[in-house]
Amino acid sequence: MYYNKETQIFLDGQWIKAQNGKTNLYSQTLHYGAGVFEGIRSYKTDKGANIFKAKAHYERLHYSAEKMHINLKYSVQELIDLSYELLERNQLEDAYIRPLVYLGENMSLQPTEDVHVMLCAWQWGRYLGDTQLKLMTSSFQRPNPKSCFVEAKVSGHYTNSLLATTEAKQKGFDEALLLDMNENVAEGPGANFFFEKDEKLFTAPLGNILSGITRQTIFELAEDLGFEVVEKFFKVEEVYQADGAFFTGTAAEVAAIGSLDNHSFNLPWEKTLGYQLEDAYQKCVHIK
Ligand code: PMP
């Protein structure tokens, strides 16, 4: 699904076939999760492929690397240029781009100078699909910001996300909603969360969540459309009374949520601000 025998990837300065890629089994990333990555989308436009907010994504990759003491030798502009070349080489326009910065062999718990950069891309439909999601409040909390850098996109942080999504699916839900260490609603396993009440939007402030690039885009689009967005801490009980809710993320885009813990929201999705934002988002990503 992610590659075939023709697929090319960028690895440490070279273009190779994905099927010929190899990794060291003593990689610090494989054992301890010390790697950083991004999730980026490119969209087909009438002026060719448009990598949406490429600069913001690669700046976040640099931030994540710095927090994890990883020396990332490619500049933001080099990574953007390589991403466009990756699309061209694989004849992709509507695509999901996955840059991964991973480490070489080192079994100690100290930084390593052996840093590898891999870029790959594949066609990927909307991560959470197109149906209104049934969410459950996860029994797992998001990592405490005193235990790691929650705003860094670190491979190891995703064990928390995997546990939460798996638990939700095993219980018959589509996806999880995680609380922070103070039991306020934080975010989804791979997306930020917004809810609507009385024509206002609410989302968790930064501090215990990933600072989503789509979340930021929603702030910008909401401003254009004259919708108020309030960043504040809130509990699940407040969400149970909501008029509507949605997730935002590069892979998920703007994903409608139908219910939380079997409490359905008051408005049909088509009547919500989220619906209008989803439309505005699709327009915005398709303009180059
Ligand atoms: N939160 C988490 C935990 C995520 O993994 C993601 C996906 N990167 C997001 C939020 C959304 O971030 P973005 O909009 O930058 O894709």
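This report describes selected helices, loops and residue contacts in a predicted model.

## Helix 2

Helix 2 covers residues 54–67, and its length agrees with expectation, because 14 residues at 1.5 Å a residue should span 20 Å and the end C-alpha atoms are 20 Å apart. The buried residues of helix 2 are A54, H57, Y58, R60, L61, S64 and A65. These residues cover an arc of only 155° around the axis, which means that they lie on the same side of helix 2.

An α-helix has 3.6 residues a turn, so residues three or four places apart point the same way. On the other side of helix 2, K55 and E66 are exposed. Just after helix 2 comes H69, with a positive phi of about 60°.

## Helix 4

Helix 4 is formed by residues 158–170. From the first C-alpha to the last, its 13 residues reach 18 Å, close to the 18 Å expected at 1.5 Å a residue. N160, S161, A164, T165, E167 and A168 are buried in helix 4. They cover an arc of only 160° around the axis, so they are placed on the same side of helix 4.

The cover over the buried residues of helix 4 includes strand 8 (133–141) and strand 9 (175–179). Exposed residues on the other side of helix 4 are L162, K169 and Q170. Just after helix 4, G172 has a positive phi of about 90°.

## The loop between strand 8 and helix 4

Two residues of this loop are described here. R142 is located in the loop between strand 8 and helix 4. Its relative accessibility is 10%, and R142 therefore counts as buried, the cut-off being under 20%. Not counting residues up to four places away in sequence, R142 touches N160, S161, L178, L179, A186, E187 and N208. R142 and L178 are 36 residues apart along the chain, and their C-alpha atoms are separated by 6.1 Å.

H157 also belongs to the loop between strand 8 and helix 4. Its relative accessibility is 14%, so H157 counts as buried. When its neighbours within four places in sequence are left aside, H157 is in contact with C148, F149 and A152.

## Helix 5 and helix 7

Two packed helices are described by the angle between their axes and the distance between the axes. The axes of helix 5 (residues 213–225) and helix 7 (residues 273–285) come within 10 Å and cross at roughly 105°. Helix 5 is therefore roughly perpendicular to helix 7. The contact involves T214, T217, I218, L221, A222 and L225 in helix 5, which meet Q276, L277, A280, Y281 and C284 in helix 7. By class, the contact of helix 5 with helix 7 has eight nonpolar, three polar and no charged residues.

Helix 7 has 13 residues and reaches 18 Å from its first C-alpha to its last, close to the 18 Å expected at 1.5 Å a residue. Buried in helix 7 are L273, G274, L277, E278, A280, Y281 and V285. Among the residues of helix 7 that meet helix 5 are L277, A280 and Y281, which are also listed as buried.

## Loop residues with a positive phi

Most residues other than glycine have a negative phi, and most peptide bonds are trans. E183 is not a glycine, yet has a positive phi of about 65°. The position of E183 is in the loop between strand 9 and strand 10 (185–187). With a relative accessibility of 46%, E183 counts as partly exposed.

D261, likewise, has a positive phi of about 50° although it is not a glycine. D261 lies in the loop between strand 15 (253–260) and strand 16 (263–264). Its relative accessible area is 21%, so D261 is partly exposed.

## An exposed loop residue

D46 is located in the loop between strand 4 (40–45) and strand 5 (48–51). Its relative accessibility is 78%, and D46 therefore counts as exposed, for which the cut-off is over 50%. The C-alpha atoms of D46 and L82 are separated by 21 Å, the two residues being 36 residues apart along the chain.

How values were computed
Residues numbered from 1 in each chain as written. Predicted model: local features only at pLDDT ≥ 70, side-chain atom pairs only at ≥ 80, totals over all residues. Heavy atoms only, no water. Axes fitted to C-alpha atoms, helices over the stretch in contact; angles between N-to-C directions. Helix = DSSP H or I, 4+ residues; strand = E, 2+ residues; numbered from the N terminus. Parallel < 35°, antiparallel > 145°, perpendicular 65-115°, else oblique. Contact = heavy atoms within 4.5 Å. Nonpolar A, V, L, I, M, F, W, Y, C, P; charged D, E, K, R; others polar. Expected span 1.5 Å × (residues − 1). Buried < 20%, exposed > 50% of the residue type's maximum accessible area, 1.4 Å probe, protein only. Arc of directions from axis to C-beta.
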